[in-house]
Amino acid sequence: MVVVFFIAAGILLVVLQTTIFMPSPVSSFSPDLHYVLVAYLALRLDLLRSLLILLPLVCVLDVLSGTVLGMHALSCFSGYFLLQQVSSRLPVNELLYQIPFIALSYLIVSWAVYHFLEFFTPGQQAAWIWWKMIIHTIFVAGPAYPLFFVFDLLQKFSHRHFLPHNKLRLRSDNRRRRTT
Amino acid sequence: MRKKSNRKRSDRYRLFRIILFVGSLATGASIFLFSTLSSQTFGPLHKLVLEMTGPLQKIVTVSSNHVETFKREYVDILQDSLRLREENKRLLQQLQEKEILLNKSREALATNASLRRLLEFKKTLDQQQSVAATIVGKDPSTMYRSVIIDRGANSGVTKGDPVVNSEGVVGQVFAVTPNYAKVLLAIAPSSAIDVLLQKSRVRGILKGNGTLTYRLEYILKTAEVEEQDHVVTAGYGGVFPTGLQVGVVSKIIKKSRGMFHEIEVTPSVDYQKLENLLILEQPKSSEIGKMEQN
């Protein structure tokens with residue numbers, strides 16, 4: 001259930017990112033909300049479920065954004081593993097301390113992916129502009145706290161049992177029989 | 001026995017007193033009535049009564065006036081304010097509804113004007129088949145510039161189709177699904193279009209750089225180029241029709257090294273207001289062959 005909920009949340013974030021938060025096709029200041037979800041998965045969820053959520057998310061991202069297929073897969077998985085490695089070595093587990101790491105990892109991953117693509121397909125990407133990327137990074141760090149709160153709620157909500165299994169379970173005739 | 005007789009006597013005395021009192025009152029009232037009716041004069045008694053009741057009347061009248069004034073000044077105002085508040089609420093709601101309606105009609109008017117421009121532009125495209133589309137999504141990445149449109153293969157859109165609007169060239173179809181397509185904008189760094197300088201007919205390649213300007217490449221230094229020169233599509237290869245407006249030369253950087261000019265072109269299309277687009281159907285290879293033979 002967690003996987004389904006987070007896939008839906010991820011798709012919703014990508015859709016918001018490509019519609020409401022992009023007032024014009026050349027708008028430079030749309031927040032990369034999907035990266036906050038990537039960070040959440042790295043910091044709060046186990047590997048298997050995170051990968052199950054990330055796979056459809058990067059697929060949607062690759063379809064709706066960019067011209068090089070796999071670019072978003074590269075950035076999301078790099079960001080995910082980087083954050084996971086960093087968080088396992090960090091002495092603090094508080095979100096407020098983790099937000100700067102999320103922002104920093106976003107900047108590092110974007111820079112690495114840009115240079116990786118520039119190496120293989122030179123001149124096919126818009127030039128790297130530091131101030132724009134720093135603003136983008138701020139736009140990732142800004143909504144991180146509220147989005148983490150929402151994701152926590154979503155996780156709690158997804159753990160609820162929608163079907164009363166204990167009531168649906170088949171019981172034997174003698175309910176008071178002692179099982180040894 | 002003695003006590004009983006005393007009580008009987010006092011009872012009789014009390015009855016006598018009542019009768020005497022009622023009798024004297026009735027006699028006085030009769031005399032007063034008779035004398036008043038017969039003489040019709042406003043006697044001292046009347047005056048006394050008036051003097052006594054006058055202040056009372058005055059107090060009541062003044063008080064009632066004050067109450068009336070109070071009611072008029074406060075209670076009515078309160079009622080009025082309550083009524084006005086309701087009225088205000090209703091009018092505000094009405095105003096909001098009208099504003100929404102106005103915005104909708106303004107939006108419809110703007111869309112209508114944009115579509116009308118697009119239609120007029122479509123008429124100028126001779127016999128070239130075209131499909132109108134609307135942008136439904138925009139690329140949020142900083143490295144690329146593309147949009148998603150609401151027309152796909154089912155509407156006859158194919159990969160490589162040129163995309164234009166009434167202002168000029170917008171880009172090219174990059175990927176197609178049955179109902180949607182991805183358009184690579186001409187300002188994207190991976191875009192390249194064959195163009196001509198309209199005045200000098202010099203050919204070059206127009207490339208995007210991710211910002212709101214193009215780069216015009218491969219224009220020899222020997223070629224005549226001036227600022228404000230119009231740049232149009234060359235039409236080679238048959239993808240874009242010849243002569244479509246692309247932009248205006250805005251900057252020429254002359255360097256001593258190299259064979260070519262560095263030219264900056266300002267797009268004729270306002271990329272910040274892109275909304276409705278026209279996808280031109282590419283001529284088939286056989287048609288291109290015919291065109292080249294002619």
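A residue is called buried if 20 or more other C-beta atoms lie within 10 Å of its own, exposed if 12 or fewer, and partly exposed in between, with C-beta atoms placed from the backbone. Helices (H or I, at least four residues) and strands (E, at least two) are DSSP runs, numbered from the N terminus. The structure is a predicted model, in which local features need pLDDT of at least 70 and side-chain atom pairs count only at pLDDT 80 or more, while totals for chains, interfaces and linings use all residues. Residues are numbered from 1 along each chain as its sequence is written, and chains are lettered from A and ligands numbered from 1 in the order in which they are written.

Chain B contains twelve strands and three helices. Of its 294 residues, 27% are buried. Two residues are in contact if their C-beta atoms, placed from the backbone, lie within 7 Å. Among the contacts in chain B with a separation of 6 or more, 55% are between residues 24 or more positions apart.

Strand β11 of chain B covers residues 262-267, and its side chains alternate. Two strands pair if DSSP finds at least two bridges between them. Strand β10 (residues 245-253) of chain B runs antiparallel to β11(B) and is joined to it by six bridges; here V248(B) has T266(B) as its bridge partner. Strand β8 (residues 214-217) of chain B is also antiparallel to β11(B), with three bridges, and R215(B) is partnered with E264(B).

In chain A, helix α3 comprises 18 residues (47-64). Buried residues of α3(A) are S50(A), I53(A), L54(A), L57(A), V58(A), L61(A) and L64(A). Their cover includes α1 (2-18), α2 (33-44) and α4 (71-89) of chain A, together with β1 (130-138) and β2 (146-149) of chain B. Just after α3(A), G66(A) has a positive phi of about 80 degrees.

The contact between the chains takes 23 residues from chain A and 24 from chain B. On the chain B side, β1, β2 and β5 (181-185) each give two or more residues, and β2(B) contributes the largest share, three residues. This side has 13 nonpolar, eight polar and three charged residues, where Ala, Val, Leu, Ile, Met, Phe, Trp, Tyr, Cys and Pro count as nonpolar, Asp, Glu, Lys and Arg as charged, and the others, Gly among them, as polar.

How values were computed. Expected span 1.5 Å × (residues − 1).
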